[in-house]
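The points below go through selected strands, helices and loops of the model. Please read them against the structure.

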Amino acid sequence: MSLVMEQPAADVPPKVKSTRAQESTQAKERYDPKYDPLKDKSPGHGKEYAPTYWVDTAGVPPEDDGPITSDMDMDVDVAIIGSGYTGLSTAIHLAEMYGIKAIVIEANRMSWGCSTRNGGQAQCASGRLKRSQWIERWGLETALKMHRECVDGMNTFKSLIKDIDCDPQPGGHLYVAHRPKVMATLDKEAKLLRDTFDYDAQILDAETVKRDYVGDQEAAGAMHEPEGIGIHAGKLAFGYLRKARALGVKVHPASPVMGWETRNGVHYLKTPGGVVKARSVGVCTGGYTSQGLHSELKNRLLPVLSNSMVTRPLTQDEIAACNFKTNQVITDTRILRHYYRLLPDNRVQIGTRSAISGKNAPEKKYEDMLRADLTRKFPSLDQIKIDYSWWGWVDVSHDMMPRIYQPNPKQSIFYALGYGGNGVMYSAQAGKRLAQWIAGEGHKLDLPIFESKLPFPNVREVVESEMFAPFRRVGQQFLYQWYSLKDEVL
């Protein structure tokens with residue numbers, strides 16, 4: 001039975017301190033397991049966290065600055081919407097690089113969305129495309145610059161977490177071939193990475209993977225990348241929050257943006273407690289970007305659900321049976337990929353894609369499907385107790401690459417969105433780049449992800465229609481069926 005089903009109503013979590021800042025972390029609304037950003041007008045107002053392993057084991061959330069209230073003077077230079085990795089990284093870099101102390105506003109509890117629901121895998125990637133696909137799309141010169149941006153991003157991430165106790169598990173990334181036919185493609189990609197990008201990716205055969213790394217019974221081989229770090233997602237989010245507030249950043253939870261007007265270059269962000277007037281706004285809302293937040297964002301993302309679960313701690317005999325000899329982050333080569341690893345406390349975490357709509361997300365069949373996937377990889381874990389099970393929305397752009405951009409040069413609105421599941425590392429770099437945009441240095445950024453808006457799907461007239469969302473879900477259902485056929489049969 002998952003923790004989602006067992007957790008009691010969370011309207012009144014235990015009180016730790018009586019200060020207003022600490023009280024602001026208390027939930028005003030229960031966690032809604034059926035929340036859907038394509039259907040619901042708002043992500044909520046002070047909702048409780050999803051019942052994830054990360055939140056449950058991260059300790060008491062740090063103090064914040066309380067919800068926006070009418071007695072606050074909210075006339076600021078910069079407001080950041082969203083208190084996840086990207087929003088907090090943006091605020092940190094604005095303070096450190098430019099001396100700008102932004103305020104961060106959050107609809108629910110701090111880092112309530114993607115940042116406390118992901119798999120904790122920091123990889124040297126940006127978006128969903130491989131290096132070979134960068135070359136096909138943009139040419140070699142731009143692809144090389146994109147690779148350097150990712151490497152620089154990894155260094156930014158390492159620098160940010162060096163004084164945060166987030167249980168880092170370094171060692172690289174193991175990209176496991178789930179079928180023998182995939183090995184030829186992996187071999188080609190690894191050679192390209194070594195010869196063209198000077199990135200030391202190595203091919204491992206099935207015997208080596210199962211003997212020296214992990215006994216994944218599906219493994220037909222793997223590509224090993226030198227960069228990759230596993231982290232505790234909740235501890236990282238709370239660490240970013242502490243770091244931002246130490247730099248003078250004000251962070252306000254339970255303050256959803258219910259209305260947004262721009263007059264004479266000033267943005268008026270209406271929250272339940274009061275209005276924030278800001279000269280610049282950075283949007284960092286990830287997969288929880290509501291359709292009505294701003295016209296520049298409507299239908300620019302396809303939010304996709306990802307399921308995750310964590311087992312009870314494994315015994316030493318079970319670890320030996322699975323031959324876990326690495327704590328590296330691991331993904332497999334499915335289009336609907338699995339991400340998994342052995343955590344520091346000897347639990348196994350695994351995740352993959354989930355339901356199409358929020359309404360269907362709580363159905364137990366999705367947890368059962370993920371359990372079956374775990375058993376297929378590690379038969380000895382059949383029937384192991386699952387201590388945590390949850391799901392969250394991933395912000396996928398329609399061309400599979402993120403954007404850090406100012407969509408209208410006449411308005412001081414900026415966003416960093418569309419990581420497609422590779423945001424743990426790149427959100428740190430995206431925050432740095434978004435800070436550059438807000439500080440007036442966006443003209444120095446010359447990569448495609450900094451030079452254009454998040455795209456619409458191909459049929460623009462249909463996409464912009466109010467009636468499109470249901471059809472998008474139907475199309476996604478057929479796409480998942482096709483992907484599954486390609487992954488497992490063709």
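1. Strand β16, residues 386–397, is mostly covered, with twelve of its twelve residues buried. Buried here means under 20% relative accessible area, exposed over 50% and partly exposed in between, with a 1.4 Å probe and protein chains only. Strands (E, at least two residues) and helices (H or I, at least four) are DSSP runs numbered from the N terminus.

2. This is a predicted model: local features need pLDDT of at least 70 and side-chain atom pairs count only at pLDDT 80 or more, while totals for chains, interfaces and linings use all residues. Residues are numbered from 1 along each chain as its sequence is written, and side-chain values use heavy atoms, with hydrogens and water left out.

3. β16 pairs with strand β12 (residues 301–311) in the antiparallel sense, over eleven bridges. Pairing requires that DSSP finds at least two bridges between the strands. Ile 386 in β16 is the bridge partner of Thr 311.

4. Pro 379 sits in the loop between α11 (364–377) and β16, and it counts as partly exposed at 48% relative accessibility. The C-alpha atoms of Pro 379 and Asp 216 are separated by 9.1 Å, although the two residues are 163 residues apart along the chain. His 294 belongs to the loop between β11 (274–283) and β12; with 13% relative accessibility, His 294 counts as buried. Not counting residues up to four places away in sequence, His 294 touches Trp 260, Gln 411 and Ile 413, where contact means heavy atoms within 4.5 Å.

5. Strands β13 (residues 329–332) and β14 run antiparallel and are joined by two bridges, with Ile 330 opposite Tyr 340 in β14. The hairpin from β13 to β14 goes through six residues. From β14 (residues 339–342), Tyr 339 and Arg 341 point one way and Tyr 340 and Leu 342 the other way; all are buried.

6. β14 is also joined to strand β15 (residues 348–353), by four bridges and in antiparallel fashion. Gln 349 in β15 is the bridge partner of Arg 341. This hairpin has five residues between the strands, and Asn 346 takes a positive phi near 70 degrees in it.

7. Helices α5 (residues 131–138) and α6 (residues 140–161) pack at about 135 degrees, their axes 7 Å apart. Axes are lines fitted to C-alpha atoms, for helices over the stretch in contact, and angles run from 0 to 180 degrees between N-to-C directions. The pair is therefore oblique: angles under 35 degrees count as roughly parallel, over 145 as roughly antiparallel, 65 to 115 as roughly perpendicular and the rest as oblique. Arg 131, Trp 134, Ile 135 and Trp 138 of α5 meet residues of α6 including Leu 140, Met 146 and Cys 150.

8. What is the angle between α6 and α12? It is about 95 degrees, with the axes 8 Å apart, so the two helices are roughly perpendicular to each other. Among the residues making the contact are Phe 157 and Leu 160 of α6 and Tyr 426 and Arg 433 of α12.

9. Helix α12 (residues 423–438) is largely enclosed by the rest of the structure, because 16 of its 16 residues are buried. Gly 440 follows α12 and has a positive phi, near 90 degrees.
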